[in-house]
Structures are given as C-alpha cells and as structure tokens.
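Dear colleague,

Please find below the structure that I am handing over to you, with its sequence. My notes on what was found in it follow directly after.

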Amino acid sequence: MPPEEIKRPLIRGRGGGGFRHLEASMSDPDAPVVGILGTGDFSRSLARRLVASGYQVVVGSRSPKRSVALFPEEAEVTSQMEAASQADVIFVAVFPEHYTSLVGLKEALCGKTLVDVSNGARINRDGPSHAEQLADLFPESSVVKGFNTISAWTLQMGPRDGNRQVFLCSDSGKAKGPVMQLCRSMGFVPVDMGPLSSSLEMENLPLYLFPSWRAPVFSTLSLFIFFFLYNFLRDVLHPYVREGKSVFYKLPIEIVNVTLPSVALVTLALVYVPGLVAAFLQLSWGTKYNRFPSWLDRWLTSRKQYGLCSFLCAALHVIYSLCLPMRKSARYKLLQLAFQQAKEGKESLWVDDQVWRMELYVSVGIMALGLLSLLAVASLPSVANTLNWREFSFIQSGLGYAALAMATLHTLLYGWDRAFDPAQYRFNLPPTFMLVLALPCAVLLCRLALALPCAAQRLGQIRRGWEKSRHIRFTLPEDDYRNGHRLEDVSNV
C-alpha cells in the first residue's frame, strides 16, 4: 500500500460546510459524472456503489445541508438544479407522485438520459407505467427504465449477495448504451427488455408474490389436507366408532408422519407427469411445432417447485420418524409389550418377515432421500450453472426417475402384504399406501413405454424436426451410415 494511503484516516472529517465540491473530493477528475435526484435509502446505496465503481456522483436534494451527512464523502450533495446541470446520466430516485415537482428542471434535463428506478405500491395492469409518465413530462429527455428490481441492500453489498441481472428498457438505443455500461462497471449484468412499453411489466415484477410457486404450494397443501383427513378417518375415527377407543393423541405426530411421505411421493410423481404428457402429445401430433396447452406450459415451468415441495415433505417425514421413539406413548407401548411378553412367558417375538421388511424399508427409504437431496441441490442456480445440459438432464431426468422408483419401492415395502388383509380396509376404505402408489406406478409404466425402441426412435425423430404430415424420413446421427443409409431422405416437402 502506498505511504500516502497509509497516512490517510479511515474516517474522514466532514468539515464545517454543508456542501462538498466534487472536484476537491475525487482523485480522478476524468471519471464520468452520474447524477441522482433524491436522497432516500436507494439513493444512498446507489451513490456508494457508483463511487466504489469509479464514478463521480452528484446528488440533487431539496435540502442539501440536511442530507450531506448521509452520503459518502466522495459524492457531492447539492441542489437539484446543479445536479441536473452537471451530469448526463441522471437517476430519478423520487416517488412517482413527486415527478411533477421536477418540472422546473425540464430545461436542465433537456437531452439528458433519465433512469427511472421507481416501483408501484400495487400491480398495475392497465398502464401507463411510471417510466412512461416520466417520459411524457420530459419529452426532450431520453427515459430508461431500470434498477427497479435491485434492492438498496444489493446495491450496497454488491452483486455477489443478490441477483446480478438488471433489466433495462427504453425507446432510445443511444440512451441505453451508457446505462448498460454503467451496470457492467457496477458488477451487474444488464438485460435489454426492449422498448419503454416493457416498463409496465418490469414495474410489476417486484410486486409478484411467488407466482411460480402458487400451483405447487396449493397442490401440496391440498394433498396434505386430503391424506391427513383420510388417515384420520382410518386410524383415529374408526377405532373410536367401532371400539370406543380414543387414539386422538396420534394426530400431532403419527398421522402427520404418515401423511408427509404420501404427499412427498405423489408430488414427486407430479414433477414427471407434464413431461410424459408432452411426449405423448408430440407422438400423437407427429410434430414438435404445435404449441402445448397453456396449462401444460405452466406445469412444465413449475416442475422445479414441485420437486422442492416433495423434498420438503420427505425431509420433514425423516425428522418426524426420528422423533417417534421419543414420545411418551411410544415408551408406554414398549413397556406394555414387554410386560405382556413376560406375562405370557414368551422368550422371543422375533418374526423374520417383519424384520426383513423393516430393514429393506428403511434402507430403500434412505437411498430415495439421498437421490431426492441430490436433485434438490442440483436445482440450485449456483449448482445448475456449473453443469452442462447433458449433466443437468442426467441428474434431473435419469436420477429423478431413479428417485421416484426408489420412493415407490419404499412405499411398496411399507405396504408389504397389507393390501391382502381385510382388516386394513377400515370403513371399506383401502389402505393409504394403495392410493399413494397409483400415480407413481402409472408414471413409471408410461416412462417404460416411452423407452421402447419404437416409441423412443419416433420421439427422437420428432424432436429433431421430423413431421408426419410432411412425409420427412431420416435416420438419427448414431444410426448414420450404420446400414449404408443416407442421413436424410426427404420427399413431398
């Protein structure tokens, strides 16, 4: 470190004046000047990030003397008119309802680039957007919508602690250029969203509350309620009605613990249903160029969320299962069983079938949870971005079906021979595991059907552009020249 840097104090004195001049505080007078109108939290974080990125920053405030202590010393805090006059790129960081207070700066802002960072208080579907209103107020300026999806915390801490993408839109490509370069200098990745008309959707983005999670969470909760009530009828209400035996103590742990794996397995099967439906539709149509129904498109894009919901239920099932021996009721049952065994003079209650069933049941369950954990980790953006498409497809599809198969086998081992025991059909209702197995078994059978050579080859041709209606015939690359055939034989096109 240079000696002059060592001698410089870490916290500089503010001095006696309210104004700080840019030329005196910056070590690089040739750095670009960026203006900020407004002195709120976002403005302060933006000023710090711009200064750290090597820009000269001038902040326009209605009360400069009161706001000067809130900003870095390298930034100049002055009047709004002076800030508008010094900078070519100016961030408008005031609330939209105060845009009209800036009309007096129209002449100073003429020909300048205004970056609108505002968001609304509620979702606006009718328009106009705040950026379009700003453009109407300053027709001689170029308005760029951006930075509204970046929080003040992300700006202050840097892109390493938040999303690196910054969405931008404007009707002026010339105005977008400097703002995109500014984004890169700050460590963000600019994403061009097109003309200023896209600003309405950009302003709605921060207001959506988990839009891609609504259907998966609703489905998971619905399945949980259904299986919880179903298990309640069979395991709690039935003994109370038929035998007058109260076992309502099972509700908080035992019934929940039986419900969670049921939801986990069905939800995991729901991850792979839309892909199978899409494959069969393409086989039926004979082309890949037909659009899927909108509900199927939404389902396909929410498979990750379904998988994470399944993983959550499976993880909770493991925790609940580990807590089962800790309950007072379990200890009472164990003592009662030991007393009954001693009373009857039995030396051993060992049953080979039950021992083998439990050993296999637990072992397969552990393997299923391990595979499901791998799927959950691989779905994280930080991990998925390090995988190529083939690796990601192998994990999410190949290992995904393996996890579904192991979870299905885990449930089959739990059921064992109970499906053939008439006592298990309480209120004439089948055991819970039989309902749970219906969808996963159907999914696995459909996947096996698509793996047959006749279906797999035709599906591969369709996904490479073959169309039944156009009479296009060709062989796949791996079969190329294997039998002396050409790659393509196109006719009647």
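Gln305 is buried, because its relative accessible area of 9% falls under the 20% cut-off. This residue of the predicted model belongs to helix α13. Leaving aside its neighbours within four places in sequence, Gln305 touches Ser212, Trp213 and Pro216. Ala215 is also worth noting here: Gln305 and Ala215 stand 90 residues apart in sequence, yet their C-alpha atoms are 9.0 Å apart in space.

Helix α13 also holds Ala315. With a relative accessibility of 25%, Ala315 counts as partly exposed, because that value lies between the limits of 20% and 50%. From Ala315 to Leu369 the separation is 54 residues in sequence and 7.7 Å in space, C-alpha to C-alpha.

For the protein chain as a whole, the totals are as follows. The chain has 493 residues, and 40% of them count as buried. Its secondary structure consists of 19 helices and 10 strands.

Which helix gives the largest share of the lining of the second largest pocket? That share, 8 residues, comes from α11. Several helices supply at least two lining residues each, including α11 (251-285), α13 (303-323), α15 (352-378) and α17 (389-415). The lining of the second largest pocket divides into 22 nonpolar, 9 polar and 5 charged residues.

I turn now to helix α3. How far apart are the end C-alpha atoms of helix α3 (residues 41-52)? They are 17 Å apart, which agrees with the 16 Å that its 12 residues should span at 1.5 Å a residue. Helix α3 is mostly covered, with 9 of its 12 residues buried. Among them are Phe42, Leu46, Ala47, Leu50 and Val51, together with the arginines Arg44 and Arg49. The buried residues of α3 pack against the strands β1 (33-37), β2 (56-61) and β4 (89-92), and against the helices α7 (152-157) and α8 (173-185).

Ala52 is likewise found in helix α3. Is Ala52 buried or exposed? Ala52 is exposed, because its relative accessible area of 60% is over the 50% cut-off. In sequence Ala52 and Pro72 are 20 residues apart, and in space their C-alpha atoms are 9.9 Å apart. Just after α3, Gly54 takes a positive phi of about 95°.

Strand β5 (residues 113-116) contains Thr113. Thr113 is buried, since its relative accessible area is 10%, under the cut-off of 20%. Apart from neighbours within four places in sequence, the residues in contact with Thr113 are Asp88, Val89, Ile90, Ser142, Val144, Ala175 and Val179.

Finally, some points of backbone geometry. Most residues other than glycine have a negative phi, and most peptide bonds are trans. Gly127 and Pro128 are joined by a cis peptide bond, with omega about -5°. Pro128 lies in the loop between β5 and α6 (130-137).

Phe147 has a phi near 65°, a positive value in a residue other than glycine. Its place is the loop between β6 (142-146) and α7. Phe147 counts as buried, because its relative accessibility is 1%.

Asn428 is not a glycine either, and its phi is positive, at about 60°. Asn428 lies in the loop between α17 and α18. With a relative accessibility of 71%, Asn428 counts as exposed.

Yours sincerely

Terms used: Residues are numbered from 1 along each chain as its sequence is written. This is a predicted model: local features need pLDDT of at least 70, side-chain atom pairs count only at pLDDT 80 or more; totals for chains, interfaces and linings use all residues. Side-chain values use heavy atoms; hydrogens and water are left out. Helices (H or I, at least four residues) and strands (E, at least two) are DSSP runs, numbered from the N terminus. Ala, Val, Leu, Ile, Met, Phe, Trp, Tyr, Cys and Pro count as nonpolar, Asp, Glu, Lys and Arg as charged, and the others, Gly among them, as polar. The expected span of a helix is 1.5 Å times one less than its number of residues. Buried means under 20% relative accessible area, exposed over 50%, partly exposed in between (1.4 Å probe, protein chains only). Contact means heavy atoms within 4.5 Å.
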